[in-house]
Amino acid sequence: MAKLDFDRLRADRAERPELVAHRLRSRRRRPLLVGDGKLMIIAADHTARGVSRTGSRAEDMLNRYDLLERLSLALSRPGVDGVLATPDILDDLALLGALDGKVVLGTVNRAGLANSSFELDDRLTSYDAASIVRSRLDGAKLLVRLCLNDDRTAGMLAAAARIVDEMAAAQVPILLEPFLSRWENGLLVNDLGTESVSQAIAIVSALGGTSAYSWLKIPVVLDMERVMSSTTLPCLLLGGDSKRHPDATYDSWSRALALPGVRGLVVGRSLLYPDDGDVAVHVDIAAGLVHGPHLHDTTTASHPH
């Protein structure tokens, strides 16, 4: 892989800020689904919500140059369809020329930072529908946490419904990531029980005046057959943590990917920061699980919209 020109990146940011919008609008695009109709997406939206830990290492993701190198390597691997990130990271990748021919999803980030006293104060602070359309991104992602004993959830649901409507009006997909959450000893914990995941899916699927452009990003839990029976919306699997028991995790991904309605995988830290340091090997494993024998078909179609 070619060495990234960080000197040029810094110079462009300081001297030619208008180049960010130009690179985003002029990048070579592709249809959302090509070949086998599956998606392998690399997630890199963690730092904006105050998450920088990878396994036992607390600050891995705070080195932006290292993160960009890992992301660029991951995006260069066969079968990797695209990236999900916040504006700062997507702007860097656009200036580095790493987004051509890729599916680019913008995270509608929230004010509720991880482990903060205001974690459920999920006012929207990053991309909105207008900026996603203006930047010619291919979709949005929004985390929707449902805490039944926290009044702030109602306001978040109303804001989420507006975003769903605005994205649908622009005919751009939005990836909703629902969780039933609860407070435990001052920390917000997501309930990964089958019934809770299914209930969260049912609630967010009804957001907005139409679900035509709504997708789901859902965790892999014990009874995925029951979970997938709760929706007809297209779903991408939340990769979760494959670092502790990677073989078992890859096996659970493989089984879930075979279920009707599952359209692919969204994975971040566990592939970008594997314990053995070999990003390419772990990205290739995940891409192979998603695309299987059709892997190379996904790299052949890069048509402008």
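Arg136 counts as partly exposed because its relative accessibility is 25%, where buried means under 20% relative accessible area, exposed over 50%, and partly exposed in between, with a 1.4 Å probe and protein chains only. The residue is found in the loop between α5 (129-134) and β4 (139-146); helices (H or I, at least four residues) and strands (E, at least two) are DSSP runs numbered from the N terminus.

The model is predicted, so local features need pLDDT of at least 70 and side-chain atom pairs count only at pLDDT 80 or more, while totals for chains, interfaces and linings use all residues. Residues are numbered from 1 along each chain as its sequence is written, and side-chain values use heavy atoms, with hydrogens and water left out.

Ser135 lies in the loop between α5 and β4 as well. Ser135 is buried because its relative accessible area is 13%. Leaving aside neighbours within four places in sequence, Ser135 is in contact with Leu24 and Arg25, contact meaning heavy atoms within 4.5 Å. Another positive phi in a residue that is not a glycine, about 60°, belongs to Gln171. This residue is found in the loop between α6 (152-169) and β5 (174-184), and Gln171 is exposed, with a relative accessible area of 56%.

Among contacts between residues at least 6 apart in sequence, 71% join residues at least 24 apart. The average pLDDT of the protein chain is 89, and 90% of the residues score at least 70; pLDDT is the predictor's confidence in each residue, from 0 to 100. Over residues 298-305 the pLDDT is below 50, and this stretch has 22 contacts in the model beyond near neighbours in sequence.

Helix α4 (residues 87-95) is largely enclosed by the rest of the structure, because seven of its nine residues are buried. The buried residues are Ile89, Leu90, Asp91, Asp92, Leu93, Ala94 and Leu95. They pack against α1, α2 (18-26), β1 (39-44), α3, β2 (82-85) and β3 (103-107). Gly97, whose phi is positive, near 75°, follows α4.

Helix α1 (residues 6-15) contains Asp12. Asp12 counts as buried because its relative accessibility is 3%. Not counting residues up to four places away in sequence, Asp12 touches Pro17, Leu19 and Leu95; Leu95 is also one of the buried residues of α4.

The structure holds two aromatic pairs. Rings of Phe, Tyr and Trp (its six-membered ring) pair if their centres lie within 6.5 Å; planes under 30 degrees apart count as stacked, over 60 as edge-to-face and the rest as tilted. The rings of Phe6 and Tyr65 have their centres 4.8 Å apart and their planes at 80°, so this pair is edge-to-face. It links distant parts of the chain, with Phe6 in helix α1 and Tyr65 in helix α3 (residues 64-76), 59 residues apart. Phe6 is buried, at a relative accessible area of 11%, whereas Tyr65 is partly exposed, at 37% relative accessibility.

Tyr250 and Trp253 form an aromatic pair that is also edge-to-face, with 5.3 Å from centre to centre and 65° between the planes. Because they are three residues apart in helix α9 (residues 246-257), Tyr250 and Trp253 are separated by about one helical turn. An α-helix has 3.6 residues a turn, so residues three or four places apart point the same way. Tyr250 is buried at 8% relative accessibility, and Trp253 is buried with a relative accessible area of 1%.

On a 1 Å grid over the protein atoms alone, a cavity is a set of points where a 1.4 Å probe fits but cannot get out, and lining residues have an atom within 4 Å of a point. Grid points are joined across faces, edges and corners, and a volume is the space filled by probe spheres set on the points. By this rule the count comes to one cavity of 30 Å³ or more. The largest cavity has a volume of about 70 Å³. Its lining is formed by Leu32, Leu39, Leu105, Asp138, Gly139, Ala140, Pro173, Leu175, Trp215 and Leu236. By class, this lining has eight nonpolar, one polar and one charged residues, where Ala, Val, Leu, Ile, Met, Phe, Trp, Tyr, Cys and Pro count as nonpolar, Asp, Glu, Lys and Arg as charged, and the others, Gly among them, as polar.

Terms used
1 Å grid on protein atoms, 1.4 Å probe; cavity = no way out; pocket = protein on both sides within 12 Å on 5 of 7 lines; lining within 4 Å.
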